[in-house]
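Colleague: Could you take me through one part of this model up close? I'd like the strand pairing and the packing around it, in plain words.

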Amino acid sequence: QVQLVESGGGLVQAGGSLRLSCAASERTFSSIGWGWFRQAPRKEREFVASINWNGEITYYADSVKGRFTISRDNAKNTVYLQMKTLKPEDTAVYYCAVSVGPHAQTKSTEYHFWGQGTQVPVSS
């Protein structure tokens with residue numbers, strides 16, 4: 001069974017930084033696009049960032065552009081989300097996901113495996 005294991009979440013003060021990691025149990029995910037989404041309390045899940053299979057193409061939500069960076073290490077079957085200058089409005093559960101193909105996607109319907117989520121509370 002495919003597993004995506006996320007780590008790196010936790011309480012952080014506004015202005016601080018965190019790096020989330022998501023490791024996959026399947027080697028074949030090195031040829032597939034990955035994404036990060038988040039869901040704040042009482043809100044819909046929203047796109048945060050995505051990366052294509054070789055890391056050359058990335059997309060970001062406008063709200064995180066310039067502050068967050070998505071990257072991947074195919075040798076480790078792991079994707080990262082470096083978050084800087086965090087704001088209270090970044091508070092959410094963050095989910096990593098694996099795309100149905102090699103491209104960087106922005107819609108949740110293009111992803112078919114999801115992590116369990118990791119909490120990122122940002123205090124003001």
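Modeller: Gly-35 has Ala-97 as its bridge partner in β9. Strands here are DSSP runs of E, at least two residues long, numbered from the N terminus. This is a predicted model: local features need pLDDT of at least 70, side-chain atom pairs count only at pLDDT 80 or more, and totals for chains, interfaces and linings use all residues. Residues are numbered from 1 along each chain as its sequence is written, and side-chain values use heavy atoms, with hydrogens and water left out.

Back to β4: it pairs with β9 in the antiparallel sense over six bridges. (Two strands pair if DSSP finds at least two bridges between them.) β4 also pairs with β5, again antiparallel, over five bridges. There, Phe-37 has Phe-47 in β5 as its bridge partner. The hairpin of β4 and β5 has six residues between the strands, and in it Arg-42 takes a positive phi near 65 degrees.

So how enclosed is β4? Five of its six residues are buried, so the rest of the structure largely encloses it. Buried means under 20% relative accessible area, with a 1.4 Å probe and protein chains only.

Now the packing. The largest nonpolar core has 32 residues, and Trp-34, Trp-36, Leu-81, Met-83 and Tyr-94 have the most contacts inside it. Such a core is a set of buried Ala, Val, Leu, Ile, Met, Phe, Trp, Tyr and Cys residues joined through side-chain atoms within 4.5 Å. β9 gives the most to it, with five residues. Leaving aside neighbours within four places in sequence, Leu-81 is in contact (heavy atoms within 4.5 Å) with residues including Trp-36, Val-48 and Tyr-94.

How values were computed:
Buried means under 20% relative accessible area, exposed over 50%, partly exposed in between (1.4 Å probe, protein chains only). Helices (H or I, at least four residues) and strands (E, at least two) are DSSP runs, numbered from the N terminus.
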